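Q: Could you walk me through this structure? I have not looked at it before.
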Amino acid sequence: MTDTARLLAAIDFAAKKHKDQRRKDIGASPYINHPVYVARVLADIGKVDNTEILMAAILHDTLEDTATTTDELDQYFGTAVRTMVEEVTDDKQLPKEARKQAQIEHAATLSEGAAMVKMADKIANVQDVMEAPPSGWSQTRRRHYVEWAATVVSRCPDVNPRLKSHFNQLAEQALRQINQD
Ligand code: NDP
Ligand code: ZN
């Protein structure tokens, strides 16, 4: 399979897995818009052209939010992609608050590819919290989210300065915007 065919297979797989899910914004955007945007951030801002990292971005929420198994990811996309997706997957056994704390603690241990996916995911989510936040979130909750995301990103290894500095600029902009909303 060519790199293009493998990337398209990942997009097709994720689109089917997320087909009945929506994001939390007021317009209930199709879920797949988010992983596609995360992959785009990696390519456009992070200048990432490694197909497996882009595939991991496309697939990054399948284990956490759909019935996908690690065996499926292994079988269809290989061990490297499966491992990166596992690395960015929260342990759903933990209560929410502990999961947030675990992300902070695990950030420094992420592999190069998983750290890039993690930073691009936080860029996408902070952008959403600024422009299309989950319905019902107060200013305080939006601000806390941006601050938590900034802590996670600050602890990611320095594997892609473009992504980290873009995140930092975006987080500052988001905090200014949220204070004005
Ligand atoms: P959630 O983790 O519940 O929601 C944020 C996550 O939802 C994102 O990380 C993203 O994850 C996904 N998501 C889907 N749609 C959107 C969207 N439009 N914009 C942004 N993210 C979206 O929320 P919190 O981060 O606030 O964490 C929940 C914890 O916060 C709980 O422990 C709760 O008790 C507590 N809490 C905090 C408050 C506060 O003021 N800070 C107030 C109330 C509760 P992904 O990319 O993985 O899909
Ligand atoms: Zn995500």
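**The zinc site and its surroundings**

A: We may begin with His 60, which is buried, as its relative accessible area is 1%. Please keep in mind that this is a predicted model.

Q: Which protein donors does the zinc ion (ligand 2) have?
A: The donors are His 34 through NE2, His 60 through NE2, Asp 61 through OD and Asp 121 through OD. They lie 2.1 to 2.5 Å from the zinc ion.

Q: What spacing do the donors follow along the chain?
A: The spacing is H-x25-H-D-x59-D. His 34 lies in helix α2 and His 60 in the loop between α3 and α4 (62–65), so this pair ties together parts that are 26 residues apart in sequence.

Q: And His 34, is that one buried or exposed?
A: His 34 counts as buried, because its relative accessibility is 4% and the cut-off for buried is under 20%.

Q: Let us turn to α3. How many of its nine residues are buried?
A: Eight of the nine are buried, so α3 is largely enclosed by the rest of the structure. The buried residues are Thr 51, Ile 53, Leu 54, Met 55, Ala 56, Ala 57, Ile 58 and Leu 59.

Q: What covers the buried residues of α3?
A: The cover includes α1, α2, α4, α5, α6 and α8.

Q: Which residues touch the most other members of the largest nonpolar core?
A: Leu 42, Leu 59, Phe 77 and Val 126 do, in a core of 51 residues. The elements that give two or more residues to this core are α1 (3–17), α2 (33–44), α3 (51–59), α5, α6, α8 (112–131), α9 (139–155) and α10 (161–180).

Q: Which element gives the largest share?
A: That is α8, from which 11 residues of this core come.

Q: What is Val 126 in contact with, leaving aside its neighbours within four places in sequence?
A: Val 126 is in contact with Tyr 145, Val 146, Ala 149, Phe 167, Leu 170, Ala 171 and Ala 174.

Q: Where does Ala 149 lie?
A: Ala 149 lies in helix α9 and is buried, with a relative accessible area of 0%. Apart from neighbours within four places in sequence, Ala 149 is in contact with Lys 122, Val 126 and Phe 167. Between Ala 149 and Gln 103 there are 9.3 Å in space, C-alpha to C-alpha, although the two are 46 residues apart in sequence.

Q: What about Gly 113: buried or exposed?
A: Gly 113, in helix α8, counts as buried at 9% relative accessibility. Beyond its neighbours within four places in sequence, Gly 113 is in contact with Ile 53 and Met 84.

Q: New topic: how do α5 and α6 cross?
A: The axes of α5 (residues 70–77) and α6 (residues 79–87) come within 7 Å and cross at roughly 145°. The crossing is right-handed.

Q: Which residues meet there?
A: Thr 70, Leu 73, Asp 74 and Phe 77 of α5 meet Thr 79, Val 81, Arg 82, Val 85 and Glu 86 of α6. By class, this contact has four nonpolar, two polar and three charged residues.

Q: Last one: where is Pro 95?
A: Pro 95 is in the loop between α6 and α7 (96–106) and counts as exposed, at 55% relative accessibility. Pro 95 and Asp 74 are 28 Å apart in space, C-alpha to C-alpha, and 21 residues apart in sequence.

Notes:
Residues numbered from 1 in each chain as written. Chains lettered and ligands numbered in written order. Predicted model: local features only at pLDDT ≥ 70, side-chain atom pairs only at ≥ 80, totals over all residues. Heavy atoms only, no water. Axes fitted to C-alpha atoms, helices over the stretch in contact; angles between N-to-C directions. Helix = DSSP H or I, 4+ residues; strand = E, 2+ residues; numbered from the N terminus. Left-handed = near helix turned anticlockwise from the far one by under 90°. Contact = heavy atoms within 4.5 Å. Nonpolar A, V, L, I, M, F, W, Y, C, P; charged D, E, K, R; others polar. Core = buried A, V, L, I, M, F, W, Y, C linked by side-chain atoms within 4.5 Å. Buried < 20%, exposed > 50% of the residue type's maximum accessible area, 1.4 Å probe, protein only. Donors = N, O, S within 2.8 Å, 3.2 Å for Na, K, Ca; no water.
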